[in-house]
Amino acid sequence: MAKNWPLVRRKKALQQRARILQGIRQFFIEKSYMEVETPHRIPTPAPESHIDAISSGSWFLHTSPELSMKRMMAAGYEKIFQICRCWREKERGSLHLPEFTLLEWYRAEGDYHLLMEECEELIRFVATAIGLGEKLIFSGREIDLSRPWERISVEEAFRCYSKTSMSKALEQNLFDEMVVQDIEPRLGLIKPAFIYDYPAERGALARIKQEDPTVAERFELYIGGLELANGFSELVDSEEQRRRFHMENENRHSFGKPIYSMPDKFLAELDHMPPSAGIALGVDRLVMVFLDIKTIDEVVAFTPEDL
Amino acid sequence: MYTASDLRKGLKVIIDDEPYIVTAFEFSKPGKGQALYRTKLRNMITGLTIDRTYREGETFEPASLEERAMQFLYKEGDHYHFMDNETYEQIIISEESLGDAKNFLIENFNLEVLLFRDRAIGVELPNFVNLRVIKTEPWVRGDTSKADFKPATLETGYVLRVPPFIEEGELITIDTRTGEFSKRVKE
């Protein structure tokens with residue numbers, strides 16, 4: 001007869017979460033996006049160095065709906081969005097759940113700069129929908145949502161916030177450590193911040209920048225030091241994509257991780273995809289930011305440990 | 001052998017040949033990057049805390065500590081003397097190595113002493129201990145203006161907050177994990 005007090009306590013946050021989800025849907029409907037659904041259980045995940053799928057029989061639970069949504073883009077669906085559950089092996093911490101909610105959207109005729117603007121619009125729209133104004137409080141800071149938001153390249157961010165340069169961090173194989181220690185805690189403290197132009201090898205499905213082949217047209221959104229979204233101009237060249245997947249699999253092999261088979265149907269259709277941009281945004285974390293909640297456990301009804 | 005994904009608060013591991021306990025732990029994974037395990041670790045011999053970041057797949061040797069039932073005898077300066085209940089051998093542990101445990105030690109108290117490679121490095125207390133209050137303000141019955149808690153000094157010299165109805169000379173139970181008042185003991 002024990003009452004589940006943590007769940008009772010989360011009721012207010014979960015009510016707000018429902019309003020946030022409605023706000024997101026409203027935004028995309030007004031912008032003429034079509035809501036789609038793609039299978040959660042798939043034969044093979046996209047080979048990426050550091051993203052591990054949870055197996056489901058001889059198949060896998062998807063780590064994101066990316067490949068299926070791109071196949072829809074290649075078939076002529078030009079503006080689509082999806083809100084779905086995704087699964088990633090062994091990701092658990094105060095900001096991670098192995099099962100979490102992702103919002104992904106794709107649009108033809110646009111690049112990553114256009115997506116950054118759309119991100120600003122979306123989050124401002126949802127803030128209004130749940131009764132927040134131009135400002136939000138997160139983690140003890142007042143964050144100003146008025147446009148434009150901060151934009152800083154990865155290289156600049158290393159120059160401003162780290163003693164190490166980006167090229168040195170890559171050379172010494174300490175890029176992730178430096179990002180986590182020196183850069184992330186400084187991003188989006190006054191206004192939300194987009195950090196863009198990642199090293200080419202850190203964007204397996206992103207287009208390489210024409211003016212500078214060492215970087216990929218990829219960005220991340222941070223609010224109050226918390227990473228919320230990852231977007232990029234899409235790579236639509238199947239040969240190049242296949243080569244990159246092979247490289248990612250080689251990395252996986254060198255880390256002692258299982259290799260994933262090539263997503264052949266996706267690769268066969270990719271050349272039909274128009275120049276596009278796409279983005280994934282962590283819905284649980286967006287709820288955390290809007291409600292000023294520090295741990296992801298408090299914005300879901302049940303964590304794996306609660307089951 | 002532990003791997004980085006086993007890291008959690010309270011885990012004891014060997015680093016540079018010395019035993020450490022994880023006191024804080026955070027999982028990070030920057031976009032498209034690798035999993036990083038950020039920890040604070042306390043050296044169980046020196047008491048010093050270090051910050052370390054580990055990658056997925058890194059391995060650790062577990063710090064296997066021997067526990068021996070002993071009795072606290074007496075304190076001499078910064079030295080705390082204990083006696084092995086089986087061999088009657090006496091050992092000394094420094095105040096620094098004892099950490100917060102020193103707040104709960106009274107003579108003839110039975111506890112577990114932790115040994116690392118035959119060297120005593122600390123003690124393991126029971127979660128709850130009973131100690132006597134030797135000093136606290138009297139309770140004025142019916143006075144609701146006072147705060148919910150008042151300070152009290154225990155026979156070990158430790159000061160903690162207790163409810164207003166606790167009186168001098170009473171025995172109380174303390175949670176040694178938090179150092180806080182737990183309940184009054186009926187004698």
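Predicted model: local features only at pLDDT ≥ 70, side-chain atom pairs only at ≥ 80, totals over all residues.
Asn108(B) is placed in the loop that runs between α1 (95-98) and β10 (110-116) of chain B. Its phi is near 70°, a positive value in a residue other than glycine.

A positive phi is also found at Asp16(B), where the angle is about 50° although the residue is not a glycine. Asp16(B) belongs to the loop between β2 (12-15) and β3 of chain B. Because Asp16(B) has 7 C-beta neighbours inside 10 Å, it too counts as exposed.

The model as a whole scores ipTM 0.89 and pTM 0.82. For chain B, the average pLDDT is 90, and 96% of the residues score at least 70. Chain B is divided into three parts: domain 1 spans residues 2-62, domain 2 spans 66-124 and domain 3 spans 128-184. Taken over C-alpha atoms, the centres of domain 1 and domain 3 of chain B are separated by 37 Å.

Between the two chains, 14 residues of chain B are in contact with 19 residues of chain A. On the chain B side, strand β3 (residues 18-28) gives the most, with three residues. By class, the side of chain B that touches chain A has seven polar, four nonpolar and three charged residues.

In chain A, strand β6 (residues 99-108) is mostly covered, with seven of its 10 residues buried. Strand β6(A) is joined to strand β5 (residues 79-87) of chain A by nine bridges, and these two strands run antiparallel. Seven bridges join β6(A) to strand β13 (residues 276-282) of chain A, again in an antiparallel arrangement. Leu103(A) of β6(A) takes part in both pairings. Its bridge partner on one side is Ile83(A), and in β13(A) Leu103(A) stands opposite Leu281(A).

Elsewhere in chain A, the peptide bond that joins Arg147(A) and Pro148(A) is cis, with omega about -5°. Pro148(A) is found in the loop between β8 (141-144) and β9 (150-153) of chain A.

How values were computed:
Residues numbered from 1 in each chain as written. Chains lettered and ligands numbered in written order. Domains from an automatic or database assignment. Contact = placed C-beta atoms within 7 Å. Helix = DSSP H or I, 4+ residues; strand = E, 2+ residues; numbered from the N terminus. Nonpolar A, V, L, I, M, F, W, Y, C, P; charged D, E, K, R; others polar. Buried ≥ 20, exposed ≤ 12 C-beta atoms within 10 Å, placed from the backbone. Pairing = 2+ DSSP bridges. pLDDT = per-residue confidence, 0-100.
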